[in-house]
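Biologist: Please take a close look at the aromatic pairs. Which rings meet, and how are they placed?

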Amino acid sequence: MSNINDLFAGEVVTKALVRDVELPHGAGTMALITLDNGFDHTKPNTFGPGGLTLLNEAIDAIAARTDLAAVGVTGKPFIFAVGADLKGAALVRTREEALQIGRLGHEVFRRLGELDVPSFAFVNGAAMGGGLEIALHCAYRTISSGVPAVALPECFLGLVPGWGGTQLLPRLIGPAKAIKLIVENPLSQNRMIKGRDAFALGVADAMFEPADFLEESLRWAAQVLGGSVTVERPAIEEDWDKAVADARFLVDMKLRGAAPAPYRALDLIASAKDASRDAGFAAEDEALADLLMGDELRAGLYAFDLVQRRAKRPAGAPDKALARKVTKVGVVGAGLMASQMALLFARRLEVPVVLTDLDQARLDKGVGYVHAEVDKLLSKGRVSQDHANRLKALVTGSLTKDAFADADFVIEAVFEDMGVKKKVFAEVEEHVSAECVLATNTSSLSLSEMGSELRHPERLVGFHFFNPVAVMPLLEIIKGDSTDDATLATAFSVGRSLKKSAVLVKDAPAFVVNRLLTRFMGEVIAAVDEGTPLELAEHSLDDLGLPMSPFALLQLVGPAVGHHVSETLHAAFPSRFGVSENMAKLVASGKPGVYAPDFSLDPEAVALFAGGERPSTAEQVRERVLRALAEEIRLMLDEGVVAAAQDIDLCMILGAGWPFHLGGVTPYLDRAGFAQPRFLEPGVASVPA
């Protein structure tokens with residue numbers, strides 16, 4: 001075991017603290033293990049060899065006793081456990097070391113379910129990965145209704161649940177529900193569920209409120225031991241093979257075979273139908289060993305580090321102390337994007353939000369949208385009736401901009417035209433205070449030009465959301481030539497309050513995400529214009545497992561918007577960004593894209609791209625696109641559009657859905673041989689800091 005102990009030399013060891021608890025109703029003595037690494041909830045309990053060894057020693061001592069009625073496991077305040085110490089796992093260099101990690105976890109955890117006395121897991125806080133697997137090994141589980149996160153996120157990082165999860169969970173709640181936690185949620189931006197959801201799925205046998213969770217859990221355990229409470233778990237009657245086959249189809253649709261971990265997880269879940277516990281755990285060990293040695297894990301850990309650390313400490317953000325308080329928000333425009341923003345501001349800031357537009361009908365539609373969305377939240381139980389009423393009261397409309405007189409933050413979401421935006425800000429400036437922040441949601445236009453005629457250009461900042469506003473986590477904050485630190489600090493403060501991950505971006509054409517996506521799209525469209533069959537070009541990058549194919553993405557944003565951004569970038573960089581005449585034809589046709597409503601290709605739309613005489617192969621299109629991305633990123637870094645390559649990676653992950661299994665776009669291009677010189681220092685892309 002010395003090899004993996006060396007790898008985990010920096011392990012923050014989670015201790016297994018044991019105390020005896022006398023259970024109510026004379027049910028006997030329980031040895032209660034509390035998992036605690038000695039830090040507060042901001043440093044969750046994790047397991048490396050040191051922590052597993054201490055847990056094993058605690059179980060040794062418990063197993064040797066003859067005076068116990070039961071054993072229990074719980075966590076420190078707010079945290080149960082969140083699994084393996086991934087910093088150490090990232091340093092594994094041989095398959096034998098990887099096998100040791102899997103086997104050690106199984107050897108220790110399985111003992112909790114194989115003692116001579118019943119075992120109980122009292123899940124008092126976040127339980128993820130190996131933390132949830134500890135609970136699954138116990139005979140019984142309670143969970144707090146206040147638990148904020150329950151998950152098996154391993155597939156998100158390029159691994160599988162390797163300490164029992166793929167075998168125990170499907171046998172407990174059925175394969176379809178288990179697949180949701182093990183595969184579907186990780187592939188959906190690493191979605192977590194809450195304690196109440198976990199209880200509803202059958203992961204826990206009982207649920208109690210946070211205030212007296214442990215006391216009630218011990219009372220319940222005593223009732224189970226005494227026989228007054230019987231835990232009944234229904235037999236798994238669903239079609240196991242069909243559940244796995246259906247999930248495999250959905251994974252194929254999303255990844256097209258690009259990432260191995262979800263497929264290995266499905267194989268393990270399929271085998272759990274008939275495999276013995278020993279065989280199932282051994283199969284998990286083998287899968288974990290294979291995946292720990294793969295590029296996907298390193299890529300996933302790098303990407304995870306970006307969204308967990310760098311996103312929370314934006315490079316270049318001014319001192320928080322400079323931020324001004326925002327007590328009212330104005331939104332210019334009442335279209336869909338503006339209405340989404342108004343709802344988000346009201347929900348997160350809980351301050352008055354007023355929309356303006358040119359006529360009452362548009363205004364009523366925008367405010368009506370917000371109110372309808374609040375009603376949906378109410379119907380789903382996500383807000384109370386009182387909270388819903390307060391949110392609706394916060395969002396109002398006005399036909400005149402004097403409603404912004406007492407606003408501290410005004411954002412425009414009007415047509416993407418420089419003249420229109422200049423006119424809007426000139427009108428707003430007549431009514432607001434000199435300290436009021438003016439924000440633009442522009443996706444490509446020059447911030448400095450937009451503010452060139454303002455009396456106070458220093459309070460103009462770019463505040464670029466991505467659609468849908470409530471879902472997409474990225475916020476590009478753009479600093480113009482005149483933007484001062486107080487304005488910038490306020491923008492970052494508001495972004496944090498909105499629960500967005502903000503990246504500071506220089507005032508450069510199309511900023512980060514739209515610039516790279518436009519270059520990406522432009523190369524694919526150019527290949528089609530030259531005679532490459534549209535369907536071939538469309539699927540030339542399928543092996544990357546991107547969330548959308550190029551023309552599907554174009555359909556989402558709309559041909560007119562995509563064409564407009566390409567014109568903007570062509571004006572700035574004519575040698576690299578072309579303007580497709582065929583795209584202009586598609587826009588003029590009024591078609592929403594090249595796909596029909598049934599998702600088949602629309603022959604009429606495809607025909608608009610016919611005529612080229614220099615077709616490319618799929619491999620040539622793929623190489624063309626990746627070389628173009630590498631070139632554009634290198635130029636953006638040289639121009640100082642962002643502080644570092646990691647910020648481009650963060651933007652593409654959070655704003656464009658660049659897959660976690662590829663890591664950031666820059667380390668992927670490094671690995672694929674398209675980036676010279678390297679974007680990142682050696683080692684950065686493979687082992688997170």
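**Aromatic pairs**

Modeller: At 5% relative accessibility, W163 counts as buried (under 20% relative accessible area; exposed is over 50%, partly exposed in between; 1.4 Å probe, protein chains only). This is a predicted model: local features need pLDDT of at least 70, side-chain atom pairs count only at pLDDT 80 or more, and totals for chains, interfaces and linings use all residues. Residues are numbered from 1 along each chain as its sequence is written, and side-chain values use heavy atoms, with hydrogens and water left out.

Rings of Phe, Tyr and Trp (its six-membered ring) pair if their centres lie within 6.5 Å; planes under 30 degrees apart are stacked, over 60 edge-to-face, the rest tilted. The count is 14 aromatic pairs. F109 and W163 have ring centres 5.2 Å apart and planes at 85°, so they sit edge-to-face. This pair links distant parts of the chain, 54 residues apart. F109 is in helix α4 (residues 95–109), and W163 is in the loop between α6 (154–157) and α7 (165–173). Helices (H or I, at least four residues) and strands (E, at least two) are DSSP runs, numbered from the N terminus. F109 is buried, at 0% relative accessibility.

Y140 and W220 also pair edge-to-face, with 6.3 Å between centres and 80° between planes. Here 80 residues separate the partners: Y140 in strand β7 (residues 140–144), W220 in helix α10 (residues 213–226). Y140 is partly exposed, at 22%. W220 is buried, at 8% relative accessibility.
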